[in-house]
Structure formats: C-alpha cells, structure tokens
Amino acid sequence: MSDLLIELFSEEIPARMQARASADLKKLMTDGLVDAGLTYSDAVAFATPRRLALNINGLTKFSPRISEERKGPRLDAPEKAIEGFVRSMGVPKADLEIREDKKGKFYVAKIETTGRSAVVIVAEVLERVIQSFPWPKSMRWGSSSLKWVRPLHSILCILSDDVESSIVPVQVDGIHSGDTTFGHRFLAPAEFSVIGFEDYVAKLKKAFVILDPTERVDIIRQESENRAFANGCELIEDNGLLAEVAGLVEWPVVLLGTIHESFWDLPAEVLKTSMKEHQKFFSVRNPKTGRIEKFITVANRETKDNGATILAGNQKVLFARLSDAKFFWENDLRTVRADGMTLWRQKLADVTFHNKLGSEGERIVRISTLSKELAVFTGAKPDLAEQAAQTVKTDLASEMVYEFPDLQGLMGRYYSESAGLAPEIVTACEEHYAPLGPSDSVPSAPVSVAVALAEKLDKLTSFWAIDERPTGSKDPFALRRAALGVIRLILENNLRIPLLVAFGKAYPGADKYNLLSFFHDRLKIHLRDKNIRHDVIDAAISKAGSDDLMLVTKLARALGVFLETDDGENLLQGFKRANNILSQAEEQDGVEYSFGSDEKLAQMDEEITLFAALKIEIPVIKFALESDNFQAAMEHLAKLRAPVDAFFEAVQVNTDNAVVRRNRLNLLSEIRAICLSVADLSRIEGS
C-alpha cells in the first residue's frame, strides 16, 4: 500500500471557490483511481488561497490482474461472425476454446488483463483531472493552453510508503510534477521538498502556511473572541464571513481596531454591512452601550510592529467608507424629515420593476390593493395594511439602499420610524420580505403578514401572467422561494385564505390553476420535511378546497396519523377491496352502483351490522368534515374498520341472486363514497 499526496499550486484562488474545488479534486481523483482498478482506505482534501491539496491513504500499488471468459458464436456460424469475434477479443482464432451446451458447440475467448502500476494510473488520472477541472470560472493565462482559475505554477505528486517516496511523473502544459512546494508568499517564499503528507503539513506550518481551512477558521474565531473579550467587548458572530476570511489567508493574524466615534451612532446594520462588504471586517460590540465600536481584521502575515501599520491603513480606508455611509444616512434622514417618504414613492414611478410588468410604483399600487383585501384574513386593519404597503418599498429610492441593496426593508424600518409612522407600518417595512429562506423567521404581526403575503403573491401572479416561470434548476426571479414564503406565512399563522380568489385579485391575467399546482408542489416539499408522506398530501390535495393550504395541511396531518394505525391501514385495504370490486362490476355491467342500498335486502348478520354502522357513522363523519374537524372524522372512520372487515370475510358480493348482488354493490358504493369524502384514498400507495 502507498500514500498519494497531490498539491496544485497557483496564484490566489477566490475564497468562494475553494471548498468546492477541494471537494471536486477529491471526487474526481478517487473516482478515476477506482474506475482504473485501484482501491484506497481514505482520502482528505484541503484548500488555501494558493493551493489545492489531496492526501489518499492506503492506495494499492497495482490494479488487479483480471481473467474473464467471453462466449462467442457457434462453430457453424458464418465465418464473418467468427472473424468479427476474434477481432473484438484481440486473440488469435487458434487460442479460442470450444465448449458445448444443449444448443451445440461454440467458441469461448479467455482474456487476461494484466495489472497496471499505480504510478501510471495516477499520472493518467491527474493529467485528465487538471485538464478538465470544473472551475465555475476559468481562463487561459499568457501563452498557456491550460484553462485554470488563476495561473497554475507547480504540481506536487508523490507516492510514499514506509520505505521511500517517489515522484509520479505528470506533465501538463509544460508544468512537470515534482516533490517540492512553496511556503507563505511573504514570510517564507522559498521552495522546499517533502516526502509525505505529515512532512508536508509540518513543513508548511514552519513556512507560515496552515493547510486545513477548518484550523484557520478555529484560529480566527478563537483569537477574535479573545481580543474582543480582553477589551470588554463581544464579537458579533458571522459564520459566512468567517469562512470567507479563512479562504483569504494562509497564516491568519487577528488584529483589533477601533471605529472612529463619529460613526458610532450609525445604525448597527449599516456599520456591519459596510465593513463586511467592503473590507471583510468583523463587527465588535460594546455590551455596555450596545453599539458597534470596534472591528476585527485578519491579516495574512506577521509584522515587526505587530500589525500596527496594517491596522492604521485599514482604519484610514474604513474612515472613508463609513464617511460615505454617514453621508447617505444623514441625507436620507433629511429627506424623510422634510416630506415623509412621499418623494421616494414618487421616484419609484420611474424605476422599472420588469419591462413587461411596469414600474415599482405600479407594483406598489397592486400590492397596496391586495394588502387591503388580505387584511380580513390576517386580522389587520385594512386601511393600515394598505398604508403600510404604500410605504414598505419606498426605501428602494434611498441613497443608503442604493449603496447597500441588502439593507432594503431594514432601512425602511429606520426611515418610517423617523417619519413618525404607525408602529405596525414600521414593523411591516422590515418584515415584508420575510421569510427569505427556510431558516428565516416568519412575521406574525397582522399588518406585516398581510403585506408580506401581498408582496409575494403579486410577484408570483405577475410573472405567471407573462409566462416567466421556474424551469428545471433556473429560477431567476426566486419564485420558488416566494411560494414557500407564502406557504410558511399561511401555515405558521394558521390562516385560511382561498388562494384562487387571492390570485384573481392579485393579477387577473395569471393562470391561477397552473399557479395553484405550483403551490401544491412546493407544499409537498415543505410537508415532506415535516414527515408527511407525499401520497398522503396528494390524497388531501385532491379534495375540494385545495386552494386552502391550511385546510389541506390539517387534513394531511390527520390522515397521515390515521394511516399509521392498524384501523387506518385495514380500512384502507377495505376501501381498496370495495373500490376494486365496484370498478370491475361497473365496467362489466355498464352501470354505476351509487343509487343507495336497502337494508331490507340484507341477508347475513355481517351485512346487517355494516348497514347499522354506516347509518350511525356517515352523518357524524360528514358533520366533522363540514366543521373541518378532521381528527374526529378519522376517529369515526376508524369505527367502520371492524364491520367492513367482517363483511368481506363473511359475505359474497357477486352472488347469483341479481337483486342481492346489486344491493351489496350499492352498499360497497356507500363505503367508497364516505372514504372518498374524507380524502382520495385511491392516491395512497398500495391502495
């Protein structure tokens, strides 16, 4: 067994691409080696800003010798067929064996495939992987014919065991593999050789390179928390930024800086966003004041002055950035205090939402009208919901949101509060985009919910009307996310909204039934994560009123619980049996058995018992369904299980007596009808 170490050393790889690239290197290499007949015990990949590395342990030194037999044509087959078999097998005709079975004598070719050296296989696979590596963006650099994310400088590729290590000869675009690499660009740029993975990691660390991104993340987090704590502050957690910064440095050096006090009164979100987007700084809060007063920056090198020069430069750039942010903030506040948000609302009339759907101003009119309509369902005051909808988008015309689009909604909260608007409107400004994702919280304030629903329903129906719908993996207008947002707003606020009516009011030109089907697909995905089976959801959706997603979900949950019980499972089988017998009889007789059965024609005790049970339970089940009390409906449906089972065990439906047969078929029709009134059980798998 051998261990394989690979390093692809290049100019800086964008941080956002590193994790995917290291995973791709691991998969492509291991898949290629296994396909070529080698096996291995484990593999691990790493990335730094300037290198991708892969270590594979327990790699076999040779692919196995393979011996196999291929059956050929019969001896009396045409000569051309025999010659074709000989050519395809690559063996002389004289080497073919002759075998015999009950169909006669035939040729057999025995093929021996010798094993190949791991050195040869690794070289082939690595060259192929490098030449076709799936970078999201790549290009040719200089006179090179190789497409790579940044110029590739060297390839380290060695096989090692307990005795020795050797270079695997690889050549790509004039770059020849070796056993050497380089340390930190500034702190230890010299070339050095390695003999294996442990030696590689140790020497990299001596050369100021930490190979493992997880280790770099841990260092940055721990050092940042320690420095913040030592200064009486607390680090504001940002795992996304942490992962990105770890991809920008090979030797993380954490530095703590102070934000000039003239910026302390800016909204915290403005400070965080400006520092994160422009300079990749972490925000540090003073718990006594609640303000962001300091920042963490991560350098890629140690300096003699312990980072003082780096920090001074960063603080100078930060001052300029935050001066811009403060200018935007103060300008926006002056505008708001002068005329409320009227000027911004007017400006949105000239901002295009979509070239086929008009301006943002026209969209605001639609959302306002729809919010007023939806208020009755959310418990909001209609006029307040309408006013909120007229306000929530106005921050799109502000200077701050123009500079930092991610702050839309949030800045609307600040500005509407400054304008002295009602608290419900202030909250709706921030919350009307929510939920933005599956982990995002859902608004519960009635006005916020009405406007959030209207905003998403307008987007969905309007894009449906112009036939801009998600296709495959493409969803440029985030319509799947909008639909999931509507679903969560409805379910988590326990709302009863007829979506077909809402679609019609939102954008009359939309194909509302097609859109409802899209919602049903999203609902299945959402409820699947809640452990509700897709066939159960299908059975619930098939009932009338399927545009009431709260009702559908409530029914699906009750039905799912019921079918997990013995009564539910057995009654499902009883429905299946009744449905099959009826379907066959109706097809055979050319009539529909749904005209009522007569208890007077019952001949057997089990038949009489079933008549009595249906007479008692059917009215109760119907009343429970009319009251949307699905749990009660299931409980009473369960009471039919025993008499239905007994009926099928004792009673012959297709008797020779035509009158009795017809009566029993009509009785089965009542069973089928009451089951289908609850849900379409024919959609349940196995039914």
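Which domains give at least three residues each to the lining of the second largest pocket? They are domain 1 (2-62 + 117-206) and domain 3 (213-337), with bounds taken from an automatic or database domain assignment. You're looking at a predicted model, where local features need pLDDT of at least 70, side-chain atom pairs count only at pLDDT 80 or more, and totals for chains, interfaces and linings use all residues. Residues are numbered from 1 along each chain as its sequence is written, and side-chain values use heavy atoms, leaving out hydrogens and water.

**The largest pocket**

- The largest pocket holds about 1,200 Å³ of space. (A pocket is an open set of points on a 1 Å grid over the protein atoms alone, where a 1.4 Å probe fits, with protein on both sides within 12 Å along at least five of seven lines; lining residues have an atom within 4 Å of a point.)
- It's lined by 45 residues, and the closest to its centre are Pro 405, Asp 406, Gln 408, Tyr 433 and Leu 436.
- Helix H7 gives the most to this lining, with 5 residues. (Helices are DSSP runs of H or I with at least four residues, strands are E runs of at least two, and both are numbered from the N terminus.)
- Sorted by class, the lining of the largest pocket has 23 nonpolar, 5 polar and 17 charged residues.
- Domain 3 (213-337) and domain 4 (345-560) each supply at least three residues to the lining of the largest pocket.

**The second largest pocket**

- Back to the pocket from the opening question: the second largest pocket has a volume of about 210 Å³.
- Its lining has 15 residues, with Ala 15, Gln 18, Ala 19, Pro 213 and Ala 243 closest to the centre.
- Two or more residues come from each of helix H1 (15-35), strand E2 (42-48), helix H5 (213-230) and helix H6 (239-246).
- H1 gives the most to the lining of the second largest pocket, with 5 residues.

**The nonpolar cores**

- The largest nonpolar core has 105 residues, and Ile 490, Phe 519, Leu 559 and Leu 668 have the most contacts inside it. (A nonpolar core is a set of buried Ala, Val, Leu, Ile, Met, Phe, Trp, Tyr and Cys residues joined through side-chain atoms within 4.5 Å; buried means under 20% relative accessible area with a 1.4 Å probe, protein chains only.)
- H15 gives the most to this core, with 11 residues.
- This core lies between domain 4 (345-560) and domain 5 (565-683), because both give residues to it.
- Another core, of 37 residues, lies apart from it and includes Ile 13, Met 29, Trp 148 and Leu 152.

Conventions:
Points joined across faces, edges and corners; volume = space filled by probe spheres on them. Nonpolar A, V, L, I, M, F, W, Y, C, P; charged D, E, K, R; others polar. Buried < 20%, exposed > 50% of the residue type's maximum accessible area, 1.4 Å probe, protein only.
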